[in-house]
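Subject: A structure for you to look at

Hello,

Here is the structure I said I would pass on. Have a look at it first, and then read on for what I found in it.

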Amino acid sequence: MKKLLILLFALISFNTFAVEKKTTFTQDLFNEAQKNGKIVVINSWNKSCGTCAQQIKVLNEAEKEFKDILFLSYEQTANTDIAELLNIDFWTTIVVYKNNIEVSRSIGQTDKSKIYSLIKKGI
C-alpha cells in the first residue's frame with residue numbers, strides 16, 4: 001500500500017510540474033493587437049494547476065490552427081497586475097477579445113470543442 005501511495009504521489013507531482021508555459025502577455029502587445037483589430041485569446045494559468053495544463057495543451061493546438069489570432073498567456077500568481085487589469089480572478093480563465101471588447105470568457109473549461117467554440121466567437 002505504501003508503494004502505491006508513493007507511486008501515486010510521484011505521478012501527481014510530475015503532472016503538476018509539466019506546465020512550462022511562459023508569460024507572454026504585455027499591455028503594449030495587447031493594446032497594439034486590439035488597435036489593429038486582431039482577435040486576442042488570453043489564458044490565465046498556474047504551474048501547480050492540472051486543469052491549466054489541460055487548457056494549455058488545447059490552446060497550443062488552437063494556436064497552430066488559428067494563425068491570425070494572437071494567443072497570450074500569463075501566470076496568475078506571478079502577475080497579479082495583469083489579472084487585475086483584465087478582471088480575472090481564477091487561474092483557469094480563458095478570455096477572447098476582439099476590437100477591445102471581450103467576446104467570450106470561460107473558467108475551468110478543458111473540452112477542446114468548447115474552447116474552440118469560445119475562440120470562434122471572436123472570428
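A helix here is a DSSP run of H or I with at least four residues, and helices are numbered from the N terminus. Alanine 53 lies in one of them, helix H3, which covers residues 50-65. Please keep in mind that this is a predicted model.

Staying with alanine 53 for a moment: it counts as buried because its relative accessibility is 14%, and the cut-off for buried is under 20%.

Now the overall picture. The protein chain has five helices and four strands, and from the N terminus on they run α-α-β-α-β-α-β-β-α. Of its 123 residues, 41% count as buried. If you take contacts between residues at least 6 apart in sequence, 68% of them join residues at least 24 apart. The accessible surface comes to about 7600 Å², and carbon and sulfur atoms account for 56% of that.

Within residues 27-35, the buried ones are Phe30, Ala33 and Gln34. They lie on the same side of H2, because they cover an arc of only 100° around the axis. The face turned away from that buried side carries the exposed residues Asp28 and Lys35. What do the buried residues of H2 pack against? Their partners are strand S1 (39-45), strand S2 (69-75), H4, S3 and S4. After H2 comes glycine 37, with a positive phi near 75°.

Phe30 also turns up in the largest nonpolar core, which has 14 residues. Along with Phe30, the residues with the most contacts inside this core are Phe25, Val40, Ile42, Tyr74 and Leu86. H2, S1, S2, H4 and S3 each give two or more residues to it. In soluble globular proteins, nonpolar side chains tend to be buried together.

Most residues other than glycine have a negative phi. Asparagine 87, however, has a positive phi near 55°, and so does asparagine 99, also near 55°. Asparagine 87 sits in the loop between helix H4 (80-86) and strand S3 (93-98), while asparagine 99 is in the loop between S3 and strand S4 (101-107). How exposed is asparagine 87? Its relative accessibility is 54%, so it counts as exposed. Asparagine 99 is partly exposed, with a relative accessible area of 46%.

Last, the cysteines. Cysteine 49 counts as buried at 7% relative accessibility, and cysteine 52 is buried with a relative accessible area of 0%. How many disulfides does the model have? The count comes to zero, taking a disulfide as a pair of cysteine sulfur atoms within 2.5 Å.

I hope you enjoy looking through it.

Best wishes

Key:
Residues are numbered from 1 along each chain as its sequence is written. This is a predicted model: local features need pLDDT of at least 70, side-chain atom pairs count only at pLDDT 80 or more; totals for chains, interfaces and linings use all residues. Side-chain values use heavy atoms; hydrogens and water are left out. Buried means under 20% relative accessible area, exposed over 50%, partly exposed in between (1.4 Å probe, protein chains only). Contact means heavy atoms within 4.5 Å. Accessible areas come from the Shrake-Rupley method with a 1.4 Å probe; for residues, only the protein chains shown count as cover. The arc is that of the directions from the helix axis to the C-beta atoms. A nonpolar core is a set of buried Ala, Val, Leu, Ile, Met, Phe, Trp, Tyr and Cys residues joined through side-chain atoms within 4.5 Å.
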